[in-house]
Structures are given as structure tokens and as C-alpha cells.
Amino acid sequence: MAEFSQKRGKRHDDDVWGSAVDFLLANARLVLGVSGAAVLGIATLAVKRLIDRATSPQDEDDIKGDATCLEDSWKELSLLRATPCQQPQSSPAALSHPVLLSAPSLFAPGLLTCSLAFHSAEGPADADPQPASQLSSPAPLCLTFQERLLAYERDRVSIPVSHVALAKQLAGDIALELQAYLQSKFPELPFGALVPGGPLYDGLQAGAADHVRLLVPLVLEPGLWSLVPGVDTVARDPRCWAVRRTQLEFCPRGSSPWDRFLVGGYLSSRVLLELLRKALAASVNWPAIGSLLGCLIQPNMASEELLLEVQNECLEFTVAVLLVVTGADHGVVTEDRLLLAWPLEGLAGNFWLQDLYLAEASRLRALDDRDLGTRRRLLLLLCSVCQGHPALRQLNRSHLTQVVLRLGEEDVNWAEEALGTRFLQAVELLIGSLEQASLPCHFNPAVNLFDSLHPREIDNMGYALYFGLQAPEGLL
């Protein structure tokens with residue numbers, strides 16, 4: 001009889017606890033949501049069982065039943081932890097406070113860690129630190145290569161518009177100052193108007209490695225000069241052209257102011273380069289010009305090219321002074337006949353290098369305008385990646401432009417969502433070209449742009465690109 005009364009009292013206590021739990025869960029459901037209320041209910045039930053075991057004697061059946069119920073409760077709790085649940089809608093006041101994320105975010109893992117650390121630092125000083133696994137179970141962040149590539153473009157490739165405008169202004173001012181100097185120093189030589197240009201002006205600037213091109217045209221008399229392809233000369237170099245003096249029987253030597261730079265009947269680019277190099281290094285008052293323009297200008301004497309290093313409080317860039325032959329072919333300079341005075345070696349030392357930058361930039365622009373593509377953006381990404389990789393710095397803009405032009409002619413998807421795929425295709429094409437040690441020029445297939453590279457350099461670049469293709473995130 002006493003045992004029956006004890007069990008009856010226990011059932012009465014269970015009814016009281018059950019009513020309390022129902023009331024608690026009914027209110028918790030409004031605040032915590034369904035999943036939160038379920039977790040709270042299971043925990044409350046477990047605590048209740050523990051109190052019953054500590055305060056009242058139990059028979060063998062109750063002990064077995066309580067153990068089974070407690071085991072089932074923790075199994076359900078583990079299942080709830082393993083299953084992501086939807087977070088309840090936060091009130092407007094709570095939106096201003098940092099919260100723990102339970103879903104993948106577009107932020108990088110480092111930024112997420114800083115956010116969590118900042119959130120913990122603002123908590124109460126006496127609060128006990130809790131493991132992150134007990135607070136929430138955020139899914140691991142996993143950005144696709146496309147997302148990483150776009151983030152790299154935003155953070156490492158894009159140049160502020162204000163910096164571009166400032167660089168253009170300084171380059172234009174330097175062009176005017178150099179124009180005035182040439183007219184006063186060499187009044188007998190008919191130089192044309194100095195024109196700044198290059199990737200900066202075509203939206204193709206990929207960092208400080210790309211120079212601002214300052215073209216210094218040589219105005220040659222029509223009818224006194226002709227162009228000879230390099231393959232038809234003793235140099236047998238398809239990259240070059242020779243500028244030959246003609247009509248000597250009617251206009252003898254000395255009739256043209258450029259005759260003083262003839263070597264073997266050809267206008268020598270080497271002699272002109274030396275003349276202008278000495279003038280830029282010794283005669284031009286660059287400190288005064290830089291003070292007038294609000295920047296520091298210094299000639300780069302270590303380079304064989306004519307380079308001016310420009311430093312401003314906001315940016316730094318390099319101006320490449322390029323002597324250009326104009327007016328030799330019926331007084332017209334075509335895109336595939338722009339000839340530069342370049343430091344060449346061997347038999348081609350006095351010849352002029354064929355420059356195809358204008359033709360390549362124009363073709364890329366036309367292809368992108370046709371389908372609103374991203375070929376130029378791909379070129380900028382490739383240039384930036386190769387400049388930042390120690391083993392890939394030998395791949396310059398000219399090499400990478402040929403790769404993008406070859407891919408760009410294909411009728412594939414060139415929208416932004418396919419930029420990652422096109423990037424990997426460009427890497428594959430580069431690997432194939434390095435394996436063959438051959439990269440033909442797009443507008444002059446007789447020119448192999450890998451001829452100037454050492455076999456060891458080709459092997460190192462192929463090795464880096466091969467492993468980069470296996471894990472492309474490592475290239476960024």
C-alpha cells in the first residue's frame with residue numbers, strides 16, 4: 001500500500017512537471033523557433049529525470065525506462081546538432097549587433113575569423129568562453145575558383161580611377177616638356193608631336209610593370225626612304241624592318257637632316273638611341289621639371305631602353321620614350337608598320353623593331369565589343385598573376401596577348417560567369433606552347449616569341465603552370 005502511494009505521488013509529480021514543460025515549450029517556441037524549442041525540451045526532460053533519480057527511490061523498471069529515455073534524448077540532440085536549422089528572424093534592433101553565421105559566406109575565412117574575434121572581445125569580461133561548436137555549427141567556407149578570381153581582380157588588378165587620371169595628366173605634362181626640349185636642343189631634326197599612349201590609355205594597365213608609352217615620331221621625307229622586311233636583309237629576322245635611304249642619285253646624301261644617322265645606307269636606330277639617351281641623362285633638367293609638375297622624375301640609366309621613373313605621393317609609374325619611324329611608307333603609319341628604335345643585338349642592331357601593340361589592342365577591343373566579352377579582363381588577370389609569381393615573370397604582356405588573342409577568336413562563352421573557365425584554358429594553352437617551345441605571333445606567325453627564352457626558363461615556367469593548373473587557387 002505504501003509502495004502504491006509512493007508511485008501515485010510520483011505520477012502526480014510527473015503531471016506537474018509535464019504541465020510546466022508544456023508551458024515552457026509553448027513560450028520558448030515563440031522565441032527560439034521549432035528546433036530551439038525541441039532542444040530545450042529534450043534538455044529539460046533530461047534534467048527532470050536526473051532530479052527524480054536523486055530525490056526519490058525508483059524501482060528497477062523505472063531505472064531501465066529512465067536510462068532508455070535519456071539515451072534516446074541525447075541521440076535526438078546529436079541529430080539536431082548535425083542538421084542545420086534555420087535561424088529565427090531577428091528583430092530590427094538585433095540587426096545592428098554582430099551574430100554568428102551558420103551558412104557559407106562570401107567573405108574570406110580570414111575576415112570571418114576577425115569578425116568572430118571582434119564579437120568575442122565586446123562580450124562581458126566575466127563571461128566564460130564557450131567552444132564555437134557549442135554556440136553554432138557553421139558550414140565550412142568554400143569559394144569557387146570563379147569567386148576567388150573575381151575577388152583577386154577586385155583587390156589586385158583594378159586601379160583607382162583617380163590614379164589613372166593623375167598618371168595620364170603627368171604623362172601628358174612630361175610629353176609637353178620633352179617636346180619643348182627636343183625642339184630647342186635639336187631644331188634641325190623634324191620630330192613630330194609626342195603622343196603618350198599604351199595600356200594605361202586603353203584600359204589594359206596591369207600594375208606598375210606596364211609602362212606609359214611616349215612616342216617620339218621621326219618625320220621622314222616622302223620618297224627618300226623605303227621599308228625593307230628583316231627577312232630580306234642579312235639579319236634574316238622577321239621581327240625587324242630596315243629603313244633604307246633611296247633616291248641618292250637625285251637627292252644626294254646630306255639632303256635630309258636624318259642622313260647623319262645613316263649606317264651602310266640604312267637609318268640606324270642604335271645611333272639615334274644613343275643620341276637621345278645622352279640627352280635625357282645629361283641635358284634635361286629633370287629636377288626642375290619634376291618640381292614644376294609636383295613629382296620626382298629620374299632617368300633609368302640601368303636599362304637599355306629609354307625609361308623615366310616617375311614618383312608621386314599617390315603613385316609610381318614608368319614612362320618609356322620610344323622613337324618611332326613615320327612617313328616612310330607613302331607618309332602613312334599603319335598598325336602593322338609601326339617601327340620602334342629598340343636595343344637589338346647582332347646583325348639587326350641598326351634595324352627597327354616591328355611593334356604590333358596597336359593592332360593587338362584594337363583586335364581585342366573589337367572582339368569584346370562584338371559579344372560584350374571579357375578578353376581584356378582575362379589579359380589583365382594573366383599579366384597580374386605572372387608579374388606576382390617568381391617563376392612566371394618572364395612571361396610578359398606580349399606573350400600573354402598572343403594567348404588571349406588565340407583563345408579570343410574562338411566562338412565560346414566570353415561572359416563574366418565563364419571568366420574562370422577561360423583563365424584555366426589560357427593556362428592550358430600556355431603549357432602546351434611551353435612544351436613545344438613555340439608561341440607564334442598572332443599577326444606575324446613567322447615570329448616565335450619564345451625564341452628569346454632559355455630552355456631552363458621554359459622548364460621552370462612549364463613546371464609552375466602545370467602545378468598551378470592542378471590547384472589554380474595557388475596562382476592567385
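Guide: Happy to! A residue counts as exposed when its relative accessible area is over 50%, as buried when that area is under 20%, and as partly exposed in between. Please keep in mind that this is a predicted model.

Let's begin with Arg236, which sits in the loop between strand 3 (225-229) and strand 4 (240-245). Its relative accessibility is 59%, so Arg236 counts as exposed. Most residues other than glycine have a negative phi.

Gln247, in the loop between strand 4 and strand 5 (262-263), has a positive phi of about 60° and is not a glycine either. Because its relative accessibility is 34%, Gln247 counts as partly exposed.

With ring centres required to lie within 6.5 Å, the count comes to six aromatic pairs. In one of them, the rings of Trp258 and Phe261 have centres 6.1 Å apart and planes at 40°, so this pair is tilted. Trp258 and Phe261 are each buried. Another pair, Tyr466 with Phe467, is edge-to-face, with 5.5 Å from centre to centre and 90° between the planes. Tyr466 has 46% relative accessibility and therefore counts as partly exposed, and Phe467, at 44%, is partly exposed as well. Ring pairs also join Phe191 to Trp258 and Phe261 in a cluster.

Next, the helical surroundings. Helix 6 (residues 161-185) has 25 residues and spans 36 Å from its first C-alpha to its last, close to the 36 Å expected at 1.5 Å a residue. Its buried residues include Val164, Ala167, Leu170, Ala171, Ile174, Ala175 and Leu178. An α-helix has 3.6 residues a turn, so residues three or four places apart point the same way. Glu177 is also in helix 6, and at 27% relative accessibility Glu177 counts as partly exposed. Beyond residues up to four places away in sequence, Glu177 touches Ile289 and Leu292. Glu177 and Trp286 are 109 residues apart in sequence, yet their C-alpha atoms lie 9.8 Å apart in space.

Now for the charged side chains. The whole structure holds 13 salt bridges. One of them joins Asp155 to Arg154, with the closest N and O atoms 3.4 Å apart; Asp155 and Arg154 are exposed. Arg375 is buried, with a relative accessible area of 0%. Its side chain meets that of Asp368 in a salt bridge (3.2 Å, N to O), and Asp368 is buried as well. Arg375 also forms a salt bridge with Asp371, the closest N and O atoms being 2.8 Å apart. At 32% relative accessibility, Asp371 counts as partly exposed. A network of salt bridges links Asp368, Asp371, Arg375 and Arg376.

The side chain of Asp355 makes a polar contact of 2.8 Å with the side chain of Arg213.

Finally, a word on confidence before you use any of these coordinates. The protein chain has a mean pLDDT of 78, and 67% of its residues reach 70 or more. Among the chain's elements, helix 12 (residues 419-436) has the highest mean pLDDT, 96, while helix 3 (residues 109-121) has the lowest, 35. The pLDDT is below 50 over residues 1-8, a stretch with two contacts in the model beyond near neighbours in sequence. It is also below 50 over residues 66-137, where 41 such contacts are found. Where pLDDT is low, the predicted coordinates should not be read in detail.

Methods:
Residues numbered from 1 in each chain as written. Predicted model: local features only at pLDDT ≥ 70, side-chain atom pairs only at ≥ 80, totals over all residues. Heavy atoms only, no water. Polar contact = N/O pair within 3.5 Å; in protein donor to acceptor, adjacent residues only side chain to side chain. pLDDT = per-residue confidence, 0-100. Helix = DSSP H or I, 4+ residues; strand = E, 2+ residues; numbered from the N terminus. Contact = heavy atoms within 4.5 Å. Salt bridge = Lys/Arg side-chain N within 4 Å of Asp/Glu carboxyl O. Buried < 20%, exposed > 50% of the residue type's maximum accessible area, 1.4 Å probe, protein only. Expected span 1.5 Å × (residues − 1). Phe/Tyr/Trp six-rings, centres within 6.5 Å; stacked < 30°, edge-to-face > 60°.
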